[in-house]
Amino acid sequence: MKSFKRYFPILDWGQHYTRDTLTNDLVAAVIVTIMLIPQSLAYALLAGLPAEMGLYASILPLVAYAVFGTSRALAVGPVAVVSLMTAAAVGNLALQGTAEYAAAAIVLAFLSGVILLVLGVFRLGFLANFLSHPVIAGFITASGIIIATSQLKHILGINAGGHNLLELIHSLFAHLGDISIWTTLIGITSTGFLFWVRKGLKPLLLSKGIKPRMADILTKAGPVAAVVVTTLVTWVFGLHNHGVAIVGEVPRGLPPLTIPDFNVDIWTSLFGSAVLISIIGFVESVSVAQTLAAKRRQRIIPDQELIGLGASNIAASISGGYPVTGGFARSVVNFDAGAETPAAGAFTAVGILLAALALTPLLYFLPKATLAATIIVAVLSLVDFSMLRTTWNYSKADFTAVAATILLTLGFGVEIGVSAGVGLSIFLYLYRTSRPHIAEVGLVPGTEHFRNINRHRVETRPDILTIRVDENLYFANARYLEDYLYDRVVGDRGLKHVILMCSAVNNIDTSALESLEAINQRFEDMGITLNLSEVKGPVMDRLSRTHFLHHLSGKVYLTQFEAVKELSH
């Protein structure tokens, strides 16, 4: 049963489900549903898909996550960044608006689901760690700029396109002469209203004596109000006959049962994009889930989150949806609204289902400019350039990774940007660790502590050299350590003992072991002993399984103080 609960967390929290929990989950579901209806329509538009696919991606995937997910507050569904990546990936295979385009998006959801599921079952969630936080921050910032820019065509009522910022700006300027006045009026008014709702409506309502919970619900209903008002205005005044683009007919009914196209060529073309979408979606979801769980002293299981998100994406693929993940804004709203279990997501799915059954005919006259305004207001909150200043002050290498990710994403598109960011992060990591910090240390007077001779007043002996390596020893830095030690001891005729202080070494691989053997042999030929101190247990266990310790010219000491004390006699 314990193993069963690991894969089906619903069996765990479901045992303790009470009437009070149900009430809190239902209230949270109502608030998130109000927020999700316009968002799901808008993000489908961003992905270049029919509006109804956004609704479909917000029903069965939420139920799947409620069964398999471990976060009590994560709200799964369509999100801006994944929608943009979907458009970039599927746009290479088919034209927007075609059946092939929608079919490819369904395949992409299925592929992402399978990848996440495999990673979860084999507990490979650690692979996402190669996507550093600075790279993610840079990518999301650049994506937010691209998304907001891409929606200006709907705000202005013109035809424009492009896969990167330069193409989008060029296309927008080329079509400025085609601006629709009525569309622009709706778009700018909706955008201004939504920005005001986000910042100013709640304080206004509270000042009028409305209770905080009701004020919060009304604030979250801001996008719904924009949808209702602009739809009514368009219908009453017939603005669709004056150049205002509308959503048009949205099919009414249950999500369709869809089977992904098992075409090898499509799978091959989308596989790389599916990997990127899976990893980025997972990192974004887990970051949000862990933050919210910590506030309630709860925990999530990252590998099970992979399974939960994988199940959600597979559910999206068989119900006419497209790739989904956990959304930051919706999850925070879900948390603040009092959601206590993943059941809140399932109740939200019921709300979206009712909307798909009853409300879709009312969306016919909904202006696309209103949905574009919803997207712009949502994604501009993701744009954060403070990471550039932070990394510039703290780590120039991380600054390089952030700046490169932002510039490449803006200049060449989302897939190239994030791929380059990951590649650069790994390269910079290898470069840093291949040239580790190595300090010559001495004894701090009156203590048993050893510190860097260039930073502290310490005692040293001319016949003993202590070197501390502040990095794991592996193939990339083994030769660097050899060269450093040889350069240091050559010409020092009074030197008799070298101590390698290993307090910061957690691993020594085969290449590094061979280097230590070579150093030991070279020193022995020079009449110098090689000693080790403060070797960690797991490292010592591995060394004891080799011949290195038998051939070591010196000894292995428990502490650095003990080593210097014995070798001084």
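Guide: A crossing is left-handed if the near helix is turned anticlockwise from the far one by less than a right angle, and right-handed if clockwise. Helices (H or I, at least four residues) and strands (E, at least two) are DSSP runs, numbered from the N terminus. This is a predicted model, in which local features need pLDDT of at least 70 and side-chain atom pairs count only at pLDDT 80 or more, while totals for chains, interfaces and linings use all residues. Residues are numbered from 1 along each chain as its sequence is written, and side-chain values use heavy atoms, with hydrogens and water left out.

Visitor: In which hand does H8 pass H18?

Guide: The axes of H8 (residues 133-150) and H18 (residues 368-380) come within 9 Å and cross at roughly 160°. Axes are lines fitted to C-alpha atoms, for helices over the stretch in contact, and angles run from 0 to 180 degrees between N-to-C directions. The crossing of H8 with H18 is left-handed.

Visitor: Which residues of H18 make the contact with H8?

Guide: Contact means heavy atoms within 4.5 Å. H8 contributes Gly144, Ile147 and Ala148. From H18 come Ile375, Ile376, Val379 and Leu380.

Visitor: How many residues in the contact of H3 with H16 are charged?

Guide: H3 (residues 19-46) and H16 (residues 328-336) have axes that come within 9 Å and cross at roughly 165°. H3 and H16 are therefore roughly antiparallel (angles under 35 degrees count as roughly parallel, over 145 as roughly antiparallel, 65 to 115 as roughly perpendicular and the rest as oblique). Ala, Val, Leu, Ile, Met, Phe, Trp, Tyr, Cys and Pro count as nonpolar, Asp, Glu, Lys and Arg as charged, and the others, Gly among them, as polar. By these classes the contact of H3 with H16 has eight nonpolar residues, two polar and, charged, one.

Visitor: In what sense do S3 and S4 pair?

Guide: Gly442 stands opposite Arg451 in S4. In the hairpin of S3 and S4, six residues lie between the strands, and Gly446 takes a positive phi near 80°. S3 and S4 have three bridges, and the sense of their pairing is antiparallel.

Visitor: How many residues of S3 are buried?

Guide: Buried means under 20% relative accessible area, exposed over 50%, partly exposed in between (1.4 Å probe, protein chains only). Ile438, Glu440 and Gly442 point one way from S3, Ala439, Val441 and Leu443 the other way, and all are buried. S3 is largely enclosed by the rest of the structure, because its buried residues number six of the six.

Notes:
Pairing = 2+ DSSP bridges.
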